[in-house]
Amino acid sequence: MSTLSFGSPGVLIFLLLLPFAWWALQRERRRRIAQLQTFGDESLLAGSSALPVARRRLGGSALHLGALALGVVALARPQLGDRPASLAQTGRDLLVLLDLSRSMNAAQVEAGPEAETRLAVAKHAVAAVLAASPGDRVGLIVFGGSAFLQLPLTSSHATFQRYLEAASTENLGDPSTSLASAFTAAATTFEHDGERGYQSVVLVSDGESGAGDLGPSLTRLRRASIPVFAIGVGSPEGAPVPADSAEAPEKWHRDHIGRIVVSRLEEGDLRRAARETGGTYVRWSAGAAQGLGTELSRMEKRTIASREGTERMDRFQWPLGLALAALVLEPMLGVTTRRKQR
């Protein structure tokens, strides 16, 4: 047996205001009584005027309050019963490009005293973006010096999350960074899957790209109307890059002349990618990542999948009809009184 539920249950909290509304109505009633008493005794005035008696006025107040309560219930969208429905899933096709180069092991300085690595922060940023668009199909491309499709586009965000959490800088043999390879892999993937006009790329990287020309890959994305939404992780001040292995003789990675390698956030290519494809670039922060997700969620969507199911039936018409009936009935109380006096 179907039970009563509400589509917007939060609205019902306004029912708590009804005692105050009743108090206001009674205060107004007492004020009118006090004004009438300045003209004479109310019982004598009732016999020589068309004013409704006190009982009728009290009934009118009750009808006003009942109409208000029923209106609140109607706004809460009461639902009773189910009906067959075709449930459509709408969204976009979103490819996440995750930087797994060696520099992503550096600490994210802005994260606080117990700083996480840039890679850990990048995963938080991706999760924040996707939380705003639960209906999107998502896929994962990981890249360093080369790029490959780790997870094809899927509607299962839980599956995507498992792949995202498992991603590690140890997955790639080439520890360098090539944004061009990542963009080329994204363009190729979208040529074989998805629908033009409903595709987007989310790039999370520290921007340190030393290989490949971005021009050709960005041109492919721009011609296919695929915007790049880039999130920069790291800081311009930089942080030392840890050694490749915990068993290494020292803590930090060194260059060919023995200096500790300091990796910095390089925003130039990230800004360029967003600018040339009609996307957006933000430097990482919890608020910025969520804002980027909200911006993505507002973009035009298509029907990705549909299935047969059931949906709740709205019954707001019932309390709304009763509320209107109460408002129509209330003036008739005074009319009835006047007819009796005639």
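A: Gladly, and please keep in mind that this is a predicted model. On one side of the contact, Lys123, Val126, Ala127 and Leu130 belong to α4, and they meet His157, Phe160, Gln161, Leu164 and Glu165 in α5.

Q: How many of the residues in the contact of α4 with α5 are nonpolar, polar or charged?

A: The contact of α4 with α5 divides by class into 5 nonpolar residues, 2 polar ones and 2 charged ones.

Q: And at what angle do the axes of α4 and α5 cross?

A: The axes cross at roughly 170° and come within 11 Å, where α5 is the helix made of residues 157-166. Because angles over 145 degrees count as roughly antiparallel, α4 is roughly antiparallel to α5. As for handedness, the crossing of α4 and α5 is right-handed.

Q: OK, now the other one: which residues of α4 and α9 meet?

A: From α4 there are Ala125, Ala128 and Val129, and from α9 they meet Ala289, Gln290, Gly293 and Leu296. By class, the contact of α4 with α9 has 5 nonpolar residues and 2 polar ones, with no charged residues.

Q: How do the axes of α4 and α9 cross?

A: The axis of α4, which spans residues 118-131, comes within 7 Å of the axis of α9, which spans residues 286-297, and the two cross at roughly 35°. The crossing of α4 past α9 is right-handed.

Q: Changing topic, how many residues are in the largest nonpolar core?

A: That core has 31 residues, and the ones with the most contacts inside it are Leu98, Phe160 and Val202. Two or more residues each come from β3, α4, β4, α5, β6, β7 and α9, and α4 provides the largest share, with 8 residues.

Q: What does valine 202 touch, then?

A: Leaving out residues up to four places away in sequence, Val202 touches Leu94, Leu95, Val96, Leu97, Val129, Phe229 and Leu296.

Q: Zooming out, how many helices and strands does the protein have?

A: There are 10 helices and 11 strands in the protein, and 38% of its 342 residues count as buried.

Note on methods: Residues are numbered from 1 along each chain as its sequence is written. This is a predicted model: local features need pLDDT of at least 70, side-chain atom pairs count only at pLDDT 80 or more; totals for chains, interfaces and linings use all residues. Side-chain values use heavy atoms; hydrogens and water are left out. Axes are lines fitted to C-alpha atoms, for helices over the stretch in contact, and angles run from 0 to 180 degrees between N-to-C directions. Helices (H or I, at least four residues) and strands (E, at least two) are DSSP runs, numbered from the N terminus. A crossing is left-handed if the near helix is turned anticlockwise from the far one by less than a right angle, and right-handed if clockwise. Contact means heavy atoms within 4.5 Å. Ala, Val, Leu, Ile, Met, Phe, Trp, Tyr, Cys and Pro count as nonpolar, Asp, Glu, Lys and Arg as charged, and the others, Gly among them, as polar. Angles under 35 degrees count as roughly parallel, over 145 as roughly antiparallel, 65 to 115 as roughly perpendicular and the rest as oblique. A nonpolar core is a set of buried Ala, Val, Leu, Ile, Met, Phe, Trp, Tyr and Cys residues joined through side-chain atoms within 4.5 Å. Buried means under 20% relative accessible area, exposed over 50%, partly exposed in between (1.4 Å probe, protein chains only).
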